[in-house]
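Please read this report alongside the sequence and the 3D structure shown below. The text takes up a few strand pairings, a sheet with its helices, a pair of rings and a pocket in turn.

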Amino acid sequence: MPQYLARMQNKKFFVEGDEAHHLSGVARAQVGDVIKIFDGNGKKFEGLISAVSKKIVEGDVTAQIPARAQKRNLTLCFAPVSRAALEEVLDKCTQVGVYAFQPVITERTEHDILKKLDNKIERWNSIILSAVKQCETSCLPKIYPPIKFNEALKKYPHGYFAYEKEEQNTFDISALQEEKDIAVFIGPVGGFSEAEARAASAAGLKTITLGANIMRAETACIAASVLLLQ
């Protein structure tokens with residue numbers, strides 16, 4: 001049974017916007033149907049529909065469904081790549097379980113992510129929602145406005161810095177058992193500059209390697225997310 005993002009209020013649920021249009025028009029939901037809903041913050045429910053329209057589907061929450069909890073909240077700090085590659089990062093890393101996405105503008109960032117940003121964010125959130133529904137998780141990852149590299153270091157001082165010139169230090173999963181909120185930095189096409197690597201180390205990030213092979217930026221995002229969410 002598909003799940004739908006809903007707003008909850010006093011044991012009532014409200015499915016709105018595109019979700020309501022899909023539920024009423026495509027899924028042809030009717031009064032009396034039982035559906036699965038989630039609040040985007042980690043909780044899932046069953047709901048009984050009491051009213052249906054193209055703009056809103058509402059009803060009563062009848063039961064809470066146990067939701068899988070993530071071991072940790074991972075923020076993926078990544079340099080913007082091409083449109084298709086960035087959308088792949090959002091889709092695949094949401095499915096893996098990333099908690100939040102932080103685009104970071106680095107020295108070698110090639111793509112102007114700030115152009116028509118509002119339209120982009122709307123599409124990105126749509127991709128993230130589709131991925132959440134696909135894998136039936138209950139937490140809707142946040143995507144933050146892009147920030148410059150030095151700002152990101154101040155915002156996320158605890159975590160990992162994936163650097164292709166690092167050859168020895170790897171992820172130590174055992175050291176993460178007590179960590180709930182962490183971040184990982186992934187560079188652009190061409191990688192981080194040496195100055196950025198020095199700045200990351202000075203800020204307290206742990207420089208690590210993702211392995212012997214040089215990955216595409218989008219592949220590195222997925223690989224790092226999988227490793228850190230084991």
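In strand β13, T207 is the bridge partner of F161, and this contact belongs to a set of three bridges by which β11 is joined in parallel to β13 (residues 206–208). The model described here is a predicted one. On strand β12, F161 stands opposite F185, where β11 (residues 159–162) and β12 (residues 181–186) run parallel and are likewise joined by three bridges.

Another pairing, between β5 and β6, runs in the antiparallel sense, and here L48 has D60 in β6 as its bridge partner.

| Strands | Sense | Bridges |
|---|---|---|
| β11 (residues 159–162) and β12 (residues 181–186) | parallel | three bridges |
| β11 and β13 (residues 206–208) | parallel | three bridges |
| β5 (residues 44–52) and β6 (residues 56–65) | antiparallel | eight bridges |

Strands β5 and β6 also take their places in an open sheet of six strands, whose order is β1-β4-β5-β6-β3-β2 and whose pairing is mixed. At its edges are β1 (3–5) and β2 (7–9), each of which pairs on one side only. On average, and with direction ignored, neighbouring strands of this sheet are turned by 40° against each other.

Which strands does helix α1 lie across? Helix α1 (residues 17–26) lies across β1, β3 (12–16), β4 (34–38), β5 and β6, and runs at about 90° to β3. Helix α3 (residues 117–135) packs on the sheet as well, touching β1 and β4, and its direction makes about 150° with that of β1.

Turning to the aromatic side chains, a search of the whole structure finds six aromatic pairs. One of them is formed by F78 and F101, whose ring centres are 6.4 Å apart and whose planes stand at 85°, so this pair is classed as edge-to-face. The two residues lie in distant parts of the chain, 23 residues apart, with F78 in strand β7 (residues 73–78) and F101 in strand β8 (residues 100–105).

The largest pocket has a volume of about 400 Å³ and is lined by 23 residues, of which R68, A69, Q70, T137 and C139 lie nearest its centre. By class, this lining has eight nonpolar, nine polar and six charged residues. Helix α2 (residues 83–96) gives the most to the lining of the largest pocket, with three residues.

Terms used:
Residues are numbered from 1 along each chain as its sequence is written. This is a predicted model: local features need pLDDT of at least 70, side-chain atom pairs count only at pLDDT 80 or more; totals for chains, interfaces and linings use all residues. Side-chain values use heavy atoms; hydrogens and water are left out. On a 1 Å grid over the protein atoms alone, a cavity is a set of points where a 1.4 Å probe fits but cannot get out, and a pocket is an open set with protein on both sides within 12 Å along at least five of seven lines; lining residues have an atom within 4 Å of a point. Grid points are joined across faces, edges and corners, and a volume is the space filled by probe spheres set on the points. Helices (H or I, at least four residues) and strands (E, at least two) are DSSP runs, numbered from the N terminus. Ala, Val, Leu, Ile, Met, Phe, Trp, Tyr, Cys and Pro count as nonpolar, Asp, Glu, Lys and Arg as charged, and the others, Gly among them, as polar. Two strands pair if DSSP finds at least two bridges between them. Axes are lines fitted to C-alpha atoms, for helices over the stretch in contact, and angles run from 0 to 180 degrees between N-to-C directions. Contact means heavy atoms within 4.5 Å. Rings of Phe, Tyr and Trp (its six-membered ring) pair if their centres lie within 6.5 Å; planes under 30 degrees apart count as stacked, over 60 as edge-to-face and the rest as tilted.
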